[in-house]
Amino acid sequence: MRNFSGTTDFDIQNDIIDLALLEHKDAYIFHKWDGLSFTLNPSMSIRKVSFPSCIHGVSRLNAYVGRRKVFLGYYQWYANVSGRKTISEKTGEYRLLPMDGANGMVAKKIVTATAKVREYESQVFFGDVIDFSHITLIPLDESDHRDGK
């Protein structure tokens with residue numbers, strides 16, 4: 001477990017998602033997200049991207065043992081974005097904004113560490129929107145119940 005001194009609710013939520021990924025390695029884990037901030041390489045342009053769109057990439061799955069970060073593998077993720085917000089054109093900082101409703105989820109799944117997976121790590125790719133609306137999620141707490149039951 002991580003050192004609880006300075007641990008936030010966001011850290012705990014991410015730990016729960018990471019545990020779900022490890023427990024269900026062959027399934028996609030879906031959860032809400034609030035966007036993604038990033039800085040473009042100076043030679044890149046986001047102006048060519050049309051919205052809405054889907055972003056996807058590969059990230060490292062890490063766990064904390066006290067203050068020590070332990071690498072557990074890689075996961076691939078997909079998320080639909082409604083648009084972008086410019087934080088600073090001078091520094092190339094932007095924020096991608098999630099879509100509303102069911103299509104505003106992020107899907108994550110454990111992937112095998114291959115040379116291609118390692119090559120794509122920490123890069124963001126754009127593509128066509130993925131329709132997540134057919135997925136039924138199980139409510140995890142009272143605030144997620146739509147009918148009040």
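Glutamate 121 is partly exposed at 21% relative accessibility, a class lying between buried (under 20% relative accessible area) and exposed (over 50%), computed with a 1.4 Å probe on protein chains only. This is a predicted model, where local features need pLDDT of at least 70, side-chain atom pairs count only at pLDDT 80 or more, and totals for chains, interfaces and linings use all residues. Residues are numbered from 1 along each chain as its sequence is written, and side-chain values use heavy atoms, leaving out hydrogens and water.

Let's look at the salt bridges. A search of the whole structure turns up two, each defined as a side-chain nitrogen of Lys or Arg within 4 Å of a carboxyl oxygen of Asp or Glu.

| Salt bridge | N to O distance |
|---|---|
| Glutamate 121 and arginine 60 | 2.7 Å |
| Aspartate 34 and arginine 95 | 3.4 Å |

Aspartate 34 sits in the loop between β1 (29-32) and β2 (36-39), while arginine 95 belongs to strand β5, 61 residues apart. Aspartate 34 is exposed at 57%, and arginine 95 is partly exposed at 22%.

Now to the strands, which are DSSP runs of E with at least two residues, numbered from the N terminus; two of them pair if DSSP finds at least two bridges between them. Strand β3 (residues 53-65) runs antiparallel to β4 (residues 68-88), joined by 13 bridges, and valine 65 partners arginine 68. Two residues separate the strands of this hairpin, and glycine 66 in the turn has a positive phi of about 65°. β4 also pairs antiparallel with β5 (residues 93-98) over six bridges, with valine 81 opposite proline 98.

Note on methods: Helix = DSSP H or I, 4+ residues; strand = E, 2+ residues; numbered from the N terminus.
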